[in-house]
Amino acid sequence: MEIMVVVGILGIAMMIALPNMFKARDTAQNKICISNLRLIDRVKQQWAFENNQGEATTPAYSDIRPYLPDQALNSYCPASGLYLIRPLNRDPLCTLWRRGHLIVN
């Protein structure tokens, strides 16, 4: 009987803790994604300046990759979205932009 009470208490504690843990994970992934998008935007502007490119030019990921300081950054969002580089006159975008993964000026 005592074991059933302990298991019940642990179950209730898990029901309270898990949603908060998932929300914290989603918030962290969102912030990392936005930070990566800002970095990609700065890097593509630097690439355009050094290569005399116009505003309508869209660099390939391989073009801006050498300018990225963190070699671990790839074309994927931490929440499994994809980064879209887009033209120089537009902000980069994550495919999860509807969940808040976008640069807000």
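**Note on the predicted model**

1. Tyr76, Leu82 and Leu84 make up a nonpolar surface patch with about 280 Å² of accessible area together. Patch members have over 30% relative accessible area and no salt bridge, and nonpolar side chains are joined within 5 Å; a salt bridge is a side-chain nitrogen of Lys or Arg within 4 Å of a carboxyl oxygen of Asp or Glu. Areas come from the Shrake-Rupley method with a 1.4 Å probe.

2. This is a predicted model, in which local features need pLDDT of at least 70 and side-chain atom pairs pLDDT 80 or more, while totals for chains, interfaces and linings use all residues. Residues are numbered from 1 along each chain, and side-chain values use heavy atoms, without hydrogens or water.

3. Helices are DSSP runs (H or I) of at least four residues, strands (E) of at least two.

4. The whole structure holds zero disulfides, a disulfide being two cysteine sulfur atoms within 2.5 Å. For Cys77, the nearest cysteine sulfur is that of Cys33, 3.5 Å away. The sulfur of Cys94 is 3.7 Å from that of Cys33, and is therefore too far for a bond.

5. His101 lies in the segment after strand E2 (93-94). His101 is buried (under 20% relative accessible area), at 2%. Its contacts (heavy atoms within 4.5 Å) beyond four places in sequence include Cys33, Cys77 and Cys94.

Key: Buried means under 20% relative accessible area, exposed over 50%, partly exposed in between (1.4 Å probe, protein chains only). Patches are made of residues with over 30% relative accessible area and no salt bridge: like charges are joined within 9 Å, nonpolar side chains (Val, Leu, Ile, Met, Phe, Trp, Tyr) within 5 Å.
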